[in-house]
Amino acid sequence: MKMPLSVFVSPAEIDTSSVVRPVRLVRAGDDIPPFAAASGFTAGVGEMCLLPSGDGSLSCALVGLGDGFDPWALSDLPLSLPAGVWSLDGVRDPDDTVQSCLAWALGAYRFDRYRCQEERVPARMVWPAGVDHAAVGRWVGAIEWVRDLVNTPAEDMGPSGLEDAARGLAQRYGASLEVIVGEALSGRNYPAIYMVGRASPRAPRLIDIRWGDPSAPRLTLVGKGVCFDTGGLDLKPSSGMRLMKKDMGGAAHALALASLVMDARLPVRLRVLVPAVDNAVAGNAMRPGDILRTRKGLTVEISNTDAEGRLILADALAEGDSEKPDLMIDFATLTGAARVALGPELPALFSNQDTLAADLVAAGQREQDPLWHMPLWDGYRAMVESRIADLDNAPEGGMAGAITAALFLQAFVSNSTPWAHIDLFSWNQKARPGRPVGGEAMTLKAIFSVLQDRFVRRV
């Protein structure tokens, strides 16, 4: 996990001979200098105009904000401004200053692990006065860590790679780590995780992190860690398999949120459960029609081997639920149906408590990190029932696929456990300022805000 704040410089680090040029934020209705107006600058969101000084040298940069304040308007600047040191001028709210710093840092993000060509050095910003450097670093580190984990090809991010990431996180914050690997999963009663992952030469595992005061309120995070999904014997077409390195995006989100919780030292007893597998094809792969017994004891008929994520989550959720946590949240790149309903940029939220769902939706709006509440509709519960087992992992017909997947997971969570299930895409299909094509963190700011409300502000 990296803490990439090299795009910032403190005032004390600036040499007296160095030139620091201002970035001036301009809103619609503000006075626009004649040169900028003649150049077509209208203060639209993200518009930029470089202004010369009287001697022809560069004086400052104008950046448009439109009618309000969109921090992403600054995200293109680190790689579009001339190299050097810049200061920020025109931010009117302290919270906006923090968001501006975050947008600046994320605008410099590049996944360059496999690139031989040297990238251009981004422009740097002088830390604005009063900004909490640690808080900015915490957020930049978490978001960029999700991106890096999801962007890494499956060859280098298999189950052991996720374990390495979790181990580094645990060591960083003094958390305990237990990993159950391979056939030991079956012996320890995690049959679904083992059955899904046994066909791969890369052994499946359950990653289990614990941190915090054992007497504190219990927060459990669960992340789907399918490191590559071929679909199993119900093999995906090549087009459907192309992005399946990102099928561990739920695990990346659980680990990143855990890093935020531990770095901020929230007063919780944190547990993170990541079932990490490959869904591969081999002679010992699970088959359509097989019956799987889960950790909870419920049996599942395998109607489609490509609906494997809910199977490994079933075992992890049952274990998390066994400790009666005060809040349990799972993250999963679970269904294409959620993307059909809401598109790639809006994660689907399911919860067994309407108050929890309302808090998350409100936080998403407040933090510009949206979720959309979808129903655990009881009328569809019969759709996940099997004729010969307790549950069916892939109901026929494909109707209400995101809802039936959530209902399947709900069977492994007690009604008394406050639970939220986040079905997200974890990927940008198109580039936007500060959000390049590739892996993306979603809902972290919204959920962390709710965690602060529940475990800090109400104490």
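This is a predicted model: local features need pLDDT of at least 70, side-chain atom pairs count only at pLDDT 80 or more; totals for chains, interfaces and linings use all residues.
User: How do you know that the largest pocket lies between domain 1 (8-108) and domain 2 (137-456)?

Analyst: Both domains give residues to its lining, so the pocket lies between them. Its volume is about 1000 Å³. Of its 36 lining residues, Gln-99, Leu-102, Glu-367, Asp-369 and Lys-445 are the closest to the centre.

User: Which helices each supply at least two residues of that lining, and which gives the most?

Analyst: Helix H3 (94-107), helix H4 (133-151) and helix H14 (444-457) each do. H3 gives the most, with 7 residues. By class, the lining holds 17 nonpolar, 6 polar and 13 charged residues.

User: What makes up the lining of the second largest pocket?

Analyst: This pocket holds about 420 Å³ of space. Its lining has 22 residues, and Lys-236, Met-244, Leu-334, Thr-335 and Gly-336 lie nearest the centre. Helix H8 (238-241), helix H10 (309-321) and helix H11 (336-342) each give two or more residues to this lining.

User: Why is Lys-236 called buried?

Analyst: Its relative accessible area is 16%. The cut-off for buried is under 20%, so Lys-236 qualifies. Lys-236 sits in the loop between strand E10 (225-229) and H8.

User: What makes the pairing of Lys-236 with Asp-306 a polar contact?

Analyst: The two side chains come to 3.0 Å. The limit is 3.5 Å between N or O atoms, with one able to donate a hydrogen and the other to accept it. The pair is therefore counted as a polar contact.

User: How do you know that the span of H4 agrees with its 19 residues?

Analyst: At 1.5 Å a residue, H4 should span 27 Å. The expected value uses one less than the number of residues. The end C-alpha atoms of H4 are 26 Å apart, which agrees.

User: What caps the N-terminal end of H4, and how many of its residues are buried?

Analyst: Asp-132 is the cap: one of its side-chain oxygens lies 3.0 Å from the backbone nitrogen of Ala-134. H4 is mostly covered, with 17 of its 19 residues buried.

User: Why is helix H13 (residues 401-410) described as largely enclosed?

Analyst: The count settles it. In H13, 10 of the 10 residues are buried, so the rest of the structure largely encloses this helix. Buried means under 20% relative accessible area. The buried residues of H13 include Ile-403, Leu-407, Phe-408 and Leu-409. Thr-404 and Gln-410 are also among them.

Notes: Residues are numbered from 1 along each chain as its sequence is written. Side-chain values use heavy atoms; hydrogens and water are left out. On a 1 Å grid over the protein atoms alone, a cavity is a set of points where a 1.4 Å probe fits but cannot get out, and a pocket is an open set with protein on both sides within 12 Å along at least five of seven lines; lining residues have an atom within 4 Å of a point. Grid points are joined across faces, edges and corners, and a volume is the space filled by probe spheres set on the points. Helices (H or I, at least four residues) and strands (E, at least two) are DSSP runs, numbered from the N terminus. Ala, Val, Leu, Ile, Met, Phe, Trp, Tyr, Cys and Pro count as nonpolar, Asp, Glu, Lys and Arg as charged, and the others, Gly among them, as polar. Domain bounds come from an automatic or database domain assignment. Buried means under 20% relative accessible area, exposed over 50%, partly exposed in between (1.4 Å probe, protein chains only).
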